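Please open the model in your viewer and keep the selection tool at hand; the tour below moves from one selection to the next.

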Amino acid sequence: MIPYVKIMTLALVCAPLGGVGRAAAAAPLSLSAAQRQAAGITIAPATPIAVPARSTAFGLALDPRPAQADFDASRAAQAAREVAAAELARLRKLYAGGAGASLKSLQIAGAALAQSTAAANAARARFAFAWAPFAALPAARCRHLIDAAVAGSSMLVRADLTGRLALGEIPRTALIDIDGLEVKGRVLGLMRTTGGAQSVGLLIDVTGVPRGFAAGARVPVVLQGARRSGWFVPRAAVLYGDDGAFVYRELPGSAAAAAARFEAVKVDLLMAHAGGWIVDGIGAGDEIVMRGAGVLWSLQGLGGQSADDDD
């Protein structure tokens with residue numbers, strides 16, 4: 001990183017920006033050749049690339065009984081709420097018709113509905129937090145998957161991508177290595193709980209598992225996604241603003257010795273790859289700031305930092 005004094009000097013001589021705002025909405029920034037050299041800005045075209053989305057993870061075979069208990073508790077709490085709601089509706093009709101329901105009984109029924117609603121919401125939240133992929137499914141499908149795992153006809157495996165905190169795309173399938181035998185599994189979705197680890201967890205439904213493979217077993221997992229095509233840029237080129245990820249692009253038409261103009265371009269992060277990112281949102285011929293993007297961000301007053309800020 002360049003010294004703070006040098007950044008401030010550059011800020012004083014750069015073209016005015018008309019205020020601080022979102023990266024993609026800020027006015028282009030102009031720097032002379034000397035300023036670009038002082039800031040250590042390196043510009044190059046992004047590299048077109050197409051690679052299969054494939055990553056390795058650590059798998060843990062899960063005991064499905066906690067999922068069954070949480071699901072049953074959520075369904076039971078919802079059923080209790082529906083009973084309380086029906087009872088309150090019945091008493092309201094009786095009270096309105098003067099058919100023997102007292103105001104006190106009506107109030108008691110209202111309190112029971114409020115209590116059962118709170119319990120149902122809490123049970124649903126617990127299930128959704130612990131088993132987010134199941135909670136996103138229809139109840140009948142969720143019941144089928146959990147019951148199959150409890151019966152032993154399938155297995156639930158949690159795959160953790162250690163050192164990762166986010167995913168550009170959820171993989172479609174997984175290959176579970178069980179004593180050298182590759183067993184195919186289907187990725188159900190992201191798990192919210194991390195177990196204290198710095199990782200992204202995925203829940204996988206595995207059918208046709210060999211005998212003896214049981215809860216607690218730890219296995220290597222290969223996660224497979226669709227083949228991704230995009231543009232490769234180093235991690236230092238990607239910054240994050242209010243609207244998500246973006247890179248800086250040099251506007252065409254500037255002579256090498258004249259002031260060059262740079263604009264922020266919003267990109268979609270498709271996947272991490274080889275110390276950088278495969279992105280979408282830029283094209284052939286775009287000259288991207290590969291190094292020094294954090295300086296441009298600072299000069300625009302956005303206060304962010306690049307992925308290699310400590311380099």
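**Pockets, helix and rings**

Begin by selecting Arg164, Leu165, Ala166, Tyr240 and Trp277, which among the 12 lining residues of the largest pocket lie nearest its centre. The model is a predicted one, in which local features need pLDDT of at least 70 and side-chain atom pairs count only at pLDDT 80 or more, while totals for chains, interfaces and linings use all residues. Residues are numbered from 1 along each chain as its sequence is written, and side-chain values use heavy atoms, with hydrogens and water left out.

A pocket here is an open set of points on a 1 Å grid over the protein atoms alone, where a 1.4 Å probe fits, with protein on both sides within 12 Å along at least five of seven lines, and its lining residues have an atom within 4 Å of a point. The largest pocket holds about 290 Å³ of space, a volume being the space filled by probe spheres set on the points, which are joined across faces, edges and corners. Its lining divides into 8 nonpolar, 2 polar and 2 charged residues, where Ala, Val, Leu, Ile, Met, Phe, Trp, Tyr, Cys and Pro count as nonpolar, Asp, Glu, Lys and Arg as charged, and the others, Gly among them, as polar.

Next select Ala53, Ser55, Leu167, Glu169 and Met271, which lie nearest the centre of the second largest pocket, lined by 18 residues. Strand E3 (47-62), strand E8 (218-234) and strand E12 (268-273) each give two or more residues to this lining, and E8 provides the largest share, 5 residues; strands (E, at least two residues) and helices (H or I, at least four) are DSSP runs numbered from the N terminus. About 230 Å³ of space lies in the second largest pocket.

Now move to helix H3 (residues 65-96), whose 32 residues should span 46 Å at 1.5 Å a residue, which agrees with the 46 Å between its end C-alpha atoms; the expected span is 1.5 Å times one less than the number of residues. Within H3, select Ala67, Phe71, Ser74, Ala77, Ala84, Leu88 and Leu91, which are buried (under 20% relative accessible area, 1.4 Å probe, protein chains only). Just after H3, Gly98 takes a positive phi of about 65°.

Finish with Phe246 and Tyr248, both buried, which form an edge-to-face aromatic pair at 5.7 Å centre to centre with 75° between the planes; rings of Phe, Tyr and Trp (its six-membered ring) pair if their centres lie within 6.5 Å, and planes over 60 degrees apart count as edge-to-face.

Terms used
Phe/Tyr/Trp six-rings, centres within 6.5 Å; stacked < 30°, edge-to-face > 60°. Buried < 20%, exposed > 50% of the residue type's maximum accessible area, 1.4 Å probe, protein only.
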